[in-house]
Amino acid sequence: MRFQPPRPKNDEERILPLINVVFLLLIFFMLAGRLAASDPFRIEPPRSTSEGLVEPQETLVLLGADGRLALDGEMLDEAALKAAVAARMASEAPPRVRLKADGHAEATRVVAVMELLRTAGVERLKLLTVPDIR
Amino acid sequence: MSPHVSVLPRRSLANRPPRRRPLISLTPLIDVVFILLIFFMLASSFLDWRSIALNAPARATAGSSVEGAFLVELRPDGLRLAGESLSLDQLTARIGERLAQRPEQRVLVKPTAGVALQEAVSVLDRLIATGVTDLSLTRDPAR
């Protein structure tokens, strides 16, 4: 007895396995990844063992390694950031604030930004981290 | 191959219904699927975000907020608690003792210039693991 795989009849049947694999990959990336707006500058978040969860609806303040600031993906200077956050905190439902800062940024600079947010009316905030993989 | 087997393909060819060309060619479909695949590969992020809840520090640190709080100073060359150099293990042991008596003990972490956020976060991690709930970052009011 000889079991020989049937020869593909034409080009289209030859690429059917390829299409199957590509569809699988497509569905994997659609389901497993999370679509998110990219940051205006590169941020390497600090690694931490913390387990706190993050709700994506919260206001996001970004702080780059070189001290650049952004609010929800829009680059701002300190005064503009303070005004924008204060306007949001004065609204009917004050948003909670997440701070995404680079792990290589000066800690004193991060604290300065936190103080700035405090003067804008933010009482509690969340510092974003990623789990330590090592 | 044996002779009676060699007859089979011809017969099956004869029995097969005439092959129709598919109405829609597969090639455009593959193009679109590839484009979608590349879009989702590039646009989706797999980072697993976590967070540390902190109290935002008040600018005027001289006041009731500092009263009775542990002030941990974070220098490039080590940790200091009330002017005394400590290792991280000594610090957590001492704060753990204090938390046993006062569970809501407030702890302030004050990084000085030259300390990266990553180091401060490592110290915060250890403090949270010790059980500190009222945690805040602060800095020198002079600077």
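Leaving aside neighbours within four places in sequence, Leu117(A) touches Val61(A), Val85(A), Val97(A), Val122(A), Leu125(A) and, from the other chain, Ala56(B). This contact list comes from a predicted model.

**The nonpolar core**

Leu117(A) belongs to the largest nonpolar core, which has 37 residues. Together with Leu63(A), Leu99(A) and Val110(A), Leu117(A) touches the most other members of that core. Helix α4 of chain A, residues 107–119, gives the core its largest share, 6 residues.

**Chain A as a whole**

Chain A has 134 residues, and 26% of them count as buried. Its secondary structure consists of 4 helices and 7 strands. Along the sequence these elements come in the order α-α-β-β-β-β-β-α-β-α-β. How far apart in sequence are the residues that touch within chain A? Among contacts between residues at least 6 apart, 75% join residues at least 24 apart.

**Where the two chains meet**

The contact between the chains takes 48 residues from chain A and 40 residues from chain B. On the side of chain A that touches chain B, at least two residues each come from α2 (16–32), β1 (34–35), β2 (47–48), β6 (97–101), α4 and β7 (124–131). Which of these elements supplies the largest share? It is α4(A), with 10 residues. Sorted by class, this side of chain A has 26 nonpolar, 10 polar and 12 charged residues.

**Strand pairs**

| Strands | Bridges | Direction |
|---|---|---|
| β3(B) and β4(B) | 4 bridges | antiparallel |
| β4(B) and β5(B) | 3 bridges | antiparallel |

In chain B, strand β3 covers residues 70–75 and strand β4 covers residues 78–81. These two strands form a hairpin with 2 residues between them. Arg75(B) stands opposite Gly78(B) of β4(B).

Strand β4(B) takes part in a second hairpin, with β5(B), and here too 2 residues lie between the strands. Strand β5(B) covers residues 84–86, and in this pairing Arg80(B) stands opposite Ser85(B).

Terms used. Residues are numbered from 1 along each chain as its sequence is written. Chains are lettered from A and ligands numbered from 1 in the order in which they are written. This is a predicted model: local features need pLDDT of at least 70, side-chain atom pairs count only at pLDDT 80 or more; totals for chains, interfaces and linings use all residues. Two strands pair if DSSP finds at least two bridges between them. A nonpolar core is a set of buried Ala, Val, Leu, Ile, Met, Phe, Trp, Tyr and Cys residues joined through C-beta atoms within 7 Å. A residue is buried if 20 or more other C-beta atoms lie within 10 Å of its own, exposed if 12 or fewer, and partly exposed in between; C-beta atoms are placed from the backbone. Two residues are in contact if their C-beta atoms, placed from the backbone, lie within 7 Å. Ala, Val, Leu, Ile, Met, Phe, Trp, Tyr, Cys and Pro count as nonpolar, Asp, Glu, Lys and Arg as charged, and the others, Gly among them, as polar.
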